[in-house]
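Please read the points below with the model open beside them. They cover a few side chains and their surroundings.

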Amino acid sequence: MNTMQLARSAYGRPDAPVRNQRTVEYDLFARITRGLATAWEGRKSDHAGLAQAVYDNDTLWRTLAIDVAEPGNALPAPLRAQLFYLYEFTHEHSQKVLAGEASAEVLIDINMAVMRGLRGTYGAA
């Protein structure tokens, strides 16, 4: 599918539901986290798949870190600092996962916590 077809399918449907920013962020975290979990389960037979999933997760967190570092970001400063710290941790931990020194489960748990926060269900199990 070329770029124009993709744009038409995403934006060209007037009956498509309007999605807010939190929903879009949640869906992105969900997709990346599913990929990471699947790749972690198959790590013994598909290291390249794990590497791609870790890279995708790291890209997500790097993008988030860049966003929260912007002076115009509307999130409260303490939350911005916490999210930036999580990026630093996930980046460092990702390197350990790729080296076979750590589990991706920590990365999955962090993403799931963020997803609960985006859904407003952080205290829920």
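1. R43 lies over the face of W40, 3.9 Å from the ring centre. In the same way, the charged end of R119 sits over the ring of Y26, at 3.8 Å from its centre. A charge sits over a ring if NZ of Lys or CZ of Arg is within 6 Å of the ring centre and within 35 degrees of the ring normal.

2. The model is predicted: local features need pLDDT of at least 70 and side-chain atom pairs pLDDT 80 or more, while totals for chains, interfaces and linings use all residues. Residues are numbered from 1 along each chain as its sequence is written, and side-chain values use heavy atoms, with hydrogens and water left out.

3. F29 and W61 form an edge-to-face pair, 5.6 Å centre to centre with 80° between the planes. This pair links distant parts of the chain, F29 in helix α2 and W61 in helix α3 (residues 47-69), 32 residues apart.

4. T33 is placed in helix α2 (residues 21-41); helices are DSSP runs of H or I, at least four residues, numbered from the N terminus. A polar atom of the T33 side chain lies 2.6 Å from the backbone oxygen of F29. Leaving aside neighbours within four places in sequence, T33 is in contact (heavy atoms within 4.5 Å) with I108, N111, M112 and M115.

Terms used
Helix = DSSP H or I, 4+ residues; strand = E, 2+ residues; numbered from the N terminus. Polar contact = N/O pair within 3.5 Å; in protein donor to acceptor, adjacent residues only side chain to side chain. Phe/Tyr/Trp six-rings, centres within 6.5 Å; stacked < 30°, edge-to-face > 60°.
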